[in-house]
Amino acid sequence: MADVIDELEDRGSALTRGDLLRRGTAAAFAVSMFGGLSDKALGFYGPLRYANRQLSGDLRIMTWAHFVPAYDQWLDNTYVKQWGEANDVQVKVDHINNALLYSTGASEVAAQSGHDLFWFISPPSTFQKQAIPMTDLVQEVSKKVGPMSRVARKATYNPKTKQFYGFPETYAPDPVQYRKSFFEQAGVSLNSWEDVRKGAPKLKAIGHPVGLGMSNELDSNMLLTSLLYCYGGFIQNEENRIVIGQGSNRKGAIQALEVMRDIYRNGMSDEVFAWTTASNNQAFLAGRLSMALNAISIERSAESSGNAALSDDSWLASIPRGPVMRLGNEHVMGVFLIWKFAKNKEAARKYVVDQQLNYRDHFVRSLYYNFPPWTGAIKGGFKAIREMTAQDAHKPKGKYTILTTIAEKYTTNPGHPGNTTPVMDEIYNTFLIPQMFAQVAQGKSTPADAVSGFAKKAQSIYRKWKNQGLV
């Protein structure tokens, strides 16, 4: 990715001091234009520490350990430091494993103490009564860069309260990652889920099973909900009412369960029931898997490993089509909450707005993992994003352009066609969806009974949150 980073630095040198001042956080982003070479930047603009005195105090941020480690290094050591100096704020960023975010957030709520800004890997709508509304910040960004993407809006807006309960920071498209040579050897297509069902035994026969998780973790949640969409098995409707046990939704869910059962029995191994979020990455990078659904962390890890035979043979594709549609969840929807008990709300509010208004660097530094929730936060929108991804030099040349197609056409929020309500958040964080699929795949339940049981649990969760006035 040296070519992409060089492009950032070349672009930045053409900006004038007046251009940067008009962006509202002049000194911080003047430095970032030089790719983190603070001595060079400071020599041009002068000392930055506490120059603007717009805010004050400490800002504590909790976030995940990014799957592209170089992004965290840049965020912590360049971006955050420069933003803090420009705004007279001492910023401390803590990173934890993504699987610990929800429980850590719950602990802070229980203690009514912790970080000012808390980042969640999926829309944390169950916490919205503990957070300040973000509607004015969403409006501020929208006025400056254009409308928010549908996926971000549906993930963070509560139509019942008519408020944005959280601030979307990023999302990641969820492509299929597959070994092209294995698929050619087995004569398998990725166009439809029926193709995958028929091809899974062939791939397993050549020693490279399919890797689709049915475990209590993020990847399984996102994949299996997407499979339900493709077969028309929607959990809720546009009015956010539970419908999976009714009519065509029930029929579609049963079909999706039957297909995944067949794929598992004929083309996978038992390991998929005990996977963590890192497991499909590890199995793919070890050369065992023929395919997985994941954000591009697998591809980037393959490239950084130095194993060209693996990385050159690792291709990306859109989610397979089902009989009803081709549609998938975002893989990650990073959402910031500002707790009501936060000690520095004003700094937290300015931080999230400034980050979106200067998002191109975040997209590039994350190696195209972090897509902007406001497409216009990168000047030129999807057209510019496609052009940027096409410049990636890794083989096959241009493989990352498919991310733009997936983001534009095939990415939605958990809970489609409705919003990501507290009902959906609780369903996700109690892992009811992968548990339903695992029970059927392992022969512990019939598809029909599994759907009925899931629908009953989902209705109970719906009543709970309706009584709290959030759906």
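Predicted model: local features only at pLDDT ≥ 70, side-chain atom pairs only at ≥ 80, totals over all residues.
Residues are numbered from 1 along each chain as its sequence is written, and side-chain values use heavy atoms, without hydrogens and water. Local features need pLDDT of at least 70, side-chain atom pairs count only at pLDDT 80 or more, and totals for chains, interfaces and linings use all residues.

Helices (H or I, at least four residues) and strands (E, at least two) are DSSP runs, numbered from the N terminus. The axes of helix H11 (residues 218-230) and helix H21 (residues 432-441) come within 8 Å and cross at roughly 70°. Axes are lines fitted to C-alpha atoms, for helices over the stretch in contact, with angles from 0 to 180 degrees between N-to-C directions. In contact (heavy atoms within 4.5 Å) are Ser 220, Asn 221, Leu 224, Thr 225, Leu 227 and Leu 228 of H11 with Ile 433, Pro 434 and Phe 437 of H21.

The structure holds 17 salt bridges, each a side-chain nitrogen of Lys or Arg within 4 Å of a carboxyl oxygen of Asp or Glu.

Arg 60 lies in strand E1 (residues 58-64) and Asp 94 in strand E2 (residues 90-96), so their bridge ties together parts 34 residues apart in sequence. Glu 140 and Lys 144 are four residues apart in helix H7 (residues 135-145), about one helical turn. Arg 349 and Glu 346 are three residues apart in helix H16 (residues 345-357), also about one helical turn.
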